[in-house]
Amino acid sequence: MRNVSLIHTVLASLLWGGVVFVFTGITFMKYESASHMLRESRIEAALTALHKTIQIEMDKGISLPELKTVERELLRYAQDENDLISASVFDVYTGKTLFSTVSSQKGRNVPELWRKKCVKPEAVFIESEKNKEVAGVLLLNALSENAGCLMAEYSVDIHGSVREKMIKTALRYAFRLTGIGVLICFSVYFFSFLISTTMINKKIQASVFLLLCQSMLLFGLYFNFKMTFKAFEADLGQEIAAKAQLIAGRIGKRLSQTVQSGVPFDSIKGLETYMDQIRFANQEILFVLITDKTGRVLYESGTASKAFQADPHTGKISLKEGYYNAAEPVNGSNAVIGWVQIGINERFVREKNL
């Protein structure tokens, strides 16, 4: 009987370990997918904004090779994107690079794959290549004819480091949770052996011990799962921050241009609809706020009440744990007149996908 119990204990431990590693693997894949989604949507948003800037100039009837603002816009784009390798524009018919942030690329022909992919107006394509990701979007002339393609090459080093962190997190917590289960299994086995050698209150001892083991196991599971999710969310922090800052900066620049053109800051028509579109297109965003320089909310999409809490003694407002808030200025003619704030629920993968 003793050997059978030991075999059962070992089998239960192996089964538990298998279940734990399967669960951890599924969790890892979901968070890795979220990391990839955040990165690609950030690249797409940044490239789309640059595309619109260049496209406005082309709509005036200027041919692509004669555009004088492209070089400046590409360099500005490169300054904002920390993981950018290069940004360029090539002619779709010849494949010749017309403008680039890397001087050695000018005049060279781009890979044939880029020319084949860059065919749909306003549709950003993203392709993975060796040690980099390539994104592009088609440029049209004033007659709505294909003219050129805006390209961006991104390093995957940062994304790779995030993935490595997630792998270490997955292994660390998988082994920890497996250890908890194995410890409980063998504790039950050894206690069962002990009570089998005595006649004193066997049933009571067994019931109490099994109840204690169940409680320890449930507590260990809850605590470990919670810590696993928090660790993965911490690994996602870099991608979350980069995307939130990018979107807040885009909105801030657009509002700055609007205000500097003479529109009163507190009466911009259609702004909340524009904010709603951004929030719905990026499901991880909890809220978008536009405030004046004192912090008074002028425009709001979503709700910020879940993300902030007030100190009952001092009244000071602070961000709750598990939320991220990015802020970028809105500039008037001479000074900062307000702020754009993007709030993200860092638990969005856990709450929506798990």
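Setting aside residues up to four places away in sequence, Leu271 touches Leu255, Ile290 and Tyr299, where a contact means heavy atoms within 4.5 Å. The model is a predicted one, in which local features need pLDDT of at least 70 and side-chain atom pairs count only at pLDDT 80 or more, while totals for chains, interfaces and linings use all residues. Residues are numbered from 1 along each chain as its sequence is written, and side-chain values use heavy atoms, with hydrogens and water left out.

Leu271 is also among the residues with the most contacts inside the largest nonpolar core, which has 35 residues; others in that group include Leu236, Ile251 and Phe265. Such a core is a set of buried Ala, Val, Leu, Ile, Met, Phe, Trp, Tyr and Cys residues joined through side-chain atoms within 4.5 Å. Buried means under 20% relative accessible area, exposed over 50%, and partly exposed in between, with a 1.4 Å probe and protein chains only. Helix α5 (residues 202-260) gives the most to this core, with ten residues. Helices (H or I, at least four residues) and strands (E, at least two) are DSSP runs, numbered from the N terminus. A second, separate core of 25 residues includes Ala45, Met58, Leu67 and Ala152.

Now to the arginine. Arg279 sits in helix α6 (residues 271-281). Arg279 is buried but has no salt bridge, and Asp276, the nearest side chain of opposite charge, is 4.1 Å away. A salt bridge here needs a side-chain nitrogen of Lys or Arg within 4 Å of a carboxyl oxygen of Asp or Glu. Beyond residues up to four places away in sequence, Arg279 touches Ile285, Leu286, Phe287, Ser301 and Gly302.

Next comes the sheet. Five strands make an open sheet in the order β2-β1-β5-β4-β3, with antiparallel pairing; two strands pair if DSSP finds at least two bridges between them. β2 (97-100) and β3 are at the edges with a single partner strand each, so one side of each has no neighbour in the sheet. Nine bridges join β4 to β5, and Ala135 has Ala152 in β5 as its bridge partner.

Asn131 counts as exposed because its relative accessibility is 56%, and Ser144 counts as exposed because its relative accessibility is 56%.

Note on methods
Lys and Arg count as positive and Asp and Glu as negative; His and the chain ends are not counted.
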